[in-house]
Amino acid sequence: MPSVEDIQQYMTGAWRLMLGKPDGMRLLDISVDGFWNSFFAIIVALPALAASWIAVANDITELADMGSRLSIVLRFAVVDIGAWVLPLGALALAARPAGIADRLVHYVVATNWGSALLVWLMLPPAVLKLFFPAAQDVSAALSLLLFLASMVLSWRLTNAAIGKGAGLGSAVFVAMFVASLAVLFALQAILGLGRI
């Protein structure tokens, strides 16, 4: 696993890319080791992800046929990690025909560290749901605002990481967003979470 200093550097690089500053790529490790190490971003994001899984599981445990709270949390873990990793695998298969094979590593590394950053950005609504269940409306409004902000930041990161113009960058962004949603909904259905 990368050191704390390296993780901080990588997340700073991803943040700079989200701000539209291509020099953020220089802060990322795009070597072969850096590519594989970027998947440690999932570990970095786990505490914030777990908070959101627990918050949702608390809301639905009254549905007895859904299983125990732990079972629900573990199923959400599979769904979210699958929605993170599987679209990247699909992109790797499509990268050469799409003309982005030379930028695939850049994109994956930037996206992994950027995703960890965005998961932490989305933490406040989950914390609100956990500790102030009555603030459901505030939590929902904050979730929507943060989701919209995360879409803009992700789009900017994608364009900077792909580095081949806004048209191709936007196409990759849309394709990955659709692929993530497809995996998310498919895994939810497979794991019995489709009614949530």
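Axes here are lines fitted to C-alpha atoms, for helices over the stretch in contact, and angles run from 0 to 180 degrees between N-to-C directions. The model is predicted.

**Helix 4 with helix 5**

The axes of helix 4 and helix 5 come within 11 Å and cross at roughly 165°. An angle over 145 degrees counts as roughly antiparallel. Helix 4 and helix 5 are therefore roughly antiparallel to each other. The crossing of helix 4 past helix 5 is right-handed. On the helix 4 side, W84, L88, L91, A92 and A95 make the contact. Helix 5 answers with L104, Y107, V108, N112, S115, A116 and V119. Ten residues of this contact are nonpolar and two are polar, with no charged residues.

**Helix 3 with helix 4**

Helix 3 covers residues 41-60 and helix 4 covers residues 69-98. Their axes come within 9 Å and cross at roughly 135°. That angle makes helix 3 oblique to helix 4. Helix 3 passes helix 4 in a right-handed crossing. Helix 3 contributes A41, I42, A45, L46, L49, W53, I54, V56, A57, N58 and I60 to the contact. From helix 4 come R69, I72, V73, F76, A77, D80, I81, W84 and V85. By class, the contact has 17 nonpolar residues, one polar and two charged. W84 of helix 4 takes part here and also in the contact with helix 5.

**Helix 6 with helix 7**

The axes of helix 6 and helix 7 come within 8 Å and cross at roughly 170°. Helix 6 is therefore roughly antiparallel to helix 7. P124, P125, L128 and K129 of helix 6 meet Q136, V138, S139, L142, S143 and L146 of helix 7. Six of these contact residues are nonpolar, three are polar and one is charged.

| Helix pair | Axes come within | Crossing angle |
|---|---|---|
| Helix 3 and helix 4 | 9 Å | roughly 135° |
| Helix 4 and helix 5 | 11 Å | roughly 165° |
| Helix 6 and helix 7 | 8 Å | roughly 170° |

**The largest pocket**

The largest pocket has a volume of about 1600 Å³. Its lining has 42 residues. L49, D80, M122, F147 and L184 lie nearest the centre of the pocket. Of these, L49 of helix 3 and D80 of helix 4 also belong to the contact between those helices.

Which helices each supply at least two residues of the lining? They are helix 3, helix 4, helix 5 (104-121), helix 6 (123-131), helix 7 (136-162) and helix 8 (166-190). Helix 7 gives the largest share, eight residues. The lining divides into 27 nonpolar, twelve polar and three charged residues.

Key:
Residues numbered from 1 in each chain as written. Predicted model: local features only at pLDDT ≥ 70, side-chain atom pairs only at ≥ 80, totals over all residues. Heavy atoms only, no water. Helix = DSSP H or I, 4+ residues; strand = E, 2+ residues; numbered from the N terminus. Parallel < 35°, antiparallel > 145°, perpendicular 65-115°, else oblique. Left-handed = near helix turned anticlockwise from the far one by under 90°. Contact = heavy atoms within 4.5 Å. Nonpolar A, V, L, I, M, F, W, Y, C, P; charged D, E, K, R; others polar. 1 Å grid on protein atoms, 1.4 Å probe; cavity = no way out; pocket = protein on both sides within 12 Å on 5 of 7 lines; lining within 4 Å. Points joined across faces, edges and corners; volume = space filled by probe spheres on them.
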